[in-house]
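Hello,

Here is the structure we spoke of handing over. My notes on it follow below.

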Amino acid sequence: MIRKLSLACVLAGASVMANSTPLGLPPVPIPENNPQTPEKIQLGDKLFHDTRFSADGKVSCATCHSQDKAFTDNLPVSKGFNNLTGTRNAPTVLNSAYMKTLFWDGREPDLEGQSKQPPVNPVEGGLPNHTPLLEVIRKDPEYISTFKTVFGVGADKITMDHVARAIASFERTVIAGDSPFDSYYFAGEKDAMTPAQIRGLELFVGKARCVSCHRIEQTQALFTDNRFHNIGVGFKTIQGKEQQTAAAFIKSKREGADVDITVLTRKSMSELGRFAVTENVTEVGAFKTPTLRNIEKTAPYMHDGSLETLKDVVNFYDKGGREKNEDPLSGFLSGGIRPLDLRSGEKQDLVEFMKALTSPQLEQFTQR
Amino acid sequence: MNNYSRRKFLKTGGALLAASSLPISMVEMAFGKDSEQNFTFAYISDSHITQIEGNKFVRNWDRGLIRAVAEANLLDPRPDFVFYGGDIAQLGKPEEIDHGLEILSALRGDVHYVMGEHDYYVDLGEYWQKQLGPDHYSFNHKGVHFVVLNSILTHEEWMHKKWDSGMDRMKQMARLDNPNGQPFMVGDKQRSWLKADLDKVSKDTPVVVFSHSPLQKIYKGWNFWTDDAEQVQALLKPFDKVTVLYGHVHQIQTNQIGNISFHAAMATAWPWPYPSTYTQQESYLPKLTVDMNRADPFFERDATGWQFINLHSGNVDVHYTLPDNEARVVAFDEKLGHPVDTKYQAMADRTSPQKHY
């Protein structure tokens, strides 16, 4: 299984390097200090699937980012070792190469920083630190030989940086465009989308105002603005307790608490969103705009997985950032979130449009 | 990214934004080592609450003020009080003033109010004063003398001429570039009151003056202007440390005239472009001002605002925070004797503002 997958990924990686970018996507940004090589991508692929990097030996990156499930786990919030649960929904790895920050609150600036956190989070990999993980690698002859080839380092010189760079290289090959929307919008194939999907697109960029954050540009569409917005999700958890929650969080952060651990283990503090990283009071409850590509395959939705279906999502936005009209609104709600007054047919069209964002590459990832 | 730079990333993020992003102007007064005397206050301005009809109000202006209140309530330690810088309402309707005050009622702590022209011209401030009390007053707080002026008055004969309705008068005054508009002024009566008030204050007491319009002349076409500004400045001249904080202009402005430091507040509603961008008449945009960039029209809160102010020994440092943007700090430079933009003062460090639309 892993070998087959690796092969496909090497091919995908090679195609990235040959600059044949899928329709609808820009070229994948590759950091200067971590160039793509087929061997590195293959190594990252293997590391991504290695369950030994967890306290119970059962959890790998792929546990929560499974290629069978569009690189998510299709759970509201992820399960780590011993089935412990965190506070947040696993975002897809698909097209994460384009993200300007990683995690829902953007607490890591790049893929290289991101992958170091989960193995040592107490509700994810559950390791006390990176040492056990590195020991596994340093004793594995195949890893030793591959790290030597890829990074030119001996077993005792392998660090978490090398591991993270290899995983990031692999993740930069997990990209998917070429959706019916892309064919319709960027290649002018008018039959690529159904009439309902075409109507949905019109709503998406018009009355429903989705495009304000889920951006479509002239030559490509990432369906994200890489920014952080409070759209009302999860607000009820800290409603009326915003001040105490923020104060308690800042206090524990000052006393040395790790942000990564705190936000995944404390439900109320998790809802502080981007504020937990920046301490910017304008970002309380703000979370990163996720891409909508392949959204049909990545249910449930929102940072806490609280909405089960795309229909629920559209209803939530239609009501101006709440599930029921009688629910209170957060004071920190983004000004862009407002009741949309969508008719039921329009909501259905929007859902249909989102189904046009599924990439054929997904099949390849799933099958291999 | 190694562990060191990750920590640095987190730390920088925190340090940058803690001081940068408050939805209010928070003023910290520091007097030497006597910590008893130190205090902070917050400053929110220009919400322009607009009634559509009945209980329907323009949502974006509501949300701007609601956000400011929610964010100000997070301040820890608590500010001693909050200042509201004027223009609660768009057209001065009781419904608008009440709706704005209802939102502001969620603030923790006392609020002091400044009269704006949008609160005033429909009924010459009657409803506002019924709800909030006098439009000019002063008080002392922990060694600082605070003065609030109503700076948006104008010629008596214009205010009291025969109008079809108060709303007619309001709509004249609410317009920009209106040839029938009138210049704002503090007026003889209030200046006499101010003189008598300041006569009782020792010259080494820091004085903080709140007005709605700038107590300096910037651009007459938009009433970024107070006609008797020089006369008010003359009354403030004998004091060692004077700061004037004003709203109305919905943008960052900084100036120093003699002993007086001037700082403008951003609005919670919308940003204005700089008058230099639009100048049809002569403009005196303060030289010390480093322009904000044009607001992103796709980001509804861009360039609106909030600022965080430290007052060191009676001089003001303003931390202007733009949501989802880089912070701006305008700090008092003891050597130069005036405020400077700490990062963007040098031309080479500035991002050139867009000069035309």
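Is Gly85(B) buried or exposed? Gly85(B) is buried because it has 28 C-beta neighbours inside 10 Å. For the terms, a residue is buried if 20 or more other C-beta atoms lie within 10 Å of its own, exposed if 12 or fewer, and partly exposed in between, with C-beta atoms placed from the backbone.

Before the rest, some conventions. This is a predicted model, in which local features need pLDDT of at least 70 and side-chain atom pairs count only at pLDDT 80 or more, while totals for chains, interfaces and linings use all residues. Residues are numbered from 1 along each chain as its sequence is written, and chains are lettered from A and ligands numbered from 1 in the order in which they are written.

Confidence. Chain A has a mean pLDDT (the predictor's confidence in each residue, from 0 to 100) of 92, and 94% of its residues reach 70 or more. In residues 1-19 of chain A the pLDDT is below 50, and this stretch has 31 contacts in the model beyond near neighbours in sequence. A contact requires C-beta atoms, placed from the backbone, within 7 Å.

Chain B overall. Chain B contains 10 helices and 16 strands; these are DSSP runs (H or I, at least four residues, for helices; E, at least two, for strands), numbered from the N terminus. Of the 357 residues in chain B, 49% are buried. Among its contacts between residues at least 6 apart in sequence, 70% join residues at least 24 apart.

Around Gly85(B). This residue sits in the loop between strand E5 (81-84) and helix H3 (94-104) of chain B. Outside four places in sequence, its contacts include Tyr43(B), Asp46(B), Val114(B), Phe210(B) and Ala265(B). In H3(B), the buried residues are Glu96(B), Ile97(B), His99(B), Gly100(B), Ile103(B) and Leu104(B). Seen down the axis of H3(B), these fall within an arc of 165° (taken from the directions from the helix axis to the C-beta atoms), so they line one face of the helix.

The sheet. Chain B has an open sheet of six strands in the order E7-E8-E9-E10-E12-E11, with mixed pairing; two strands pair if DSSP finds at least two bridges between them. Its edge strands, E7 (137-141) and E11 (254-257) of chain B, each pair on one side only. Within the sheet, strands E9 (residues 207-211) and E10 (residues 242-246) of chain B run parallel and are joined by five bridges.

Regards

Technical notes. Contact = placed C-beta atoms within 7 Å.
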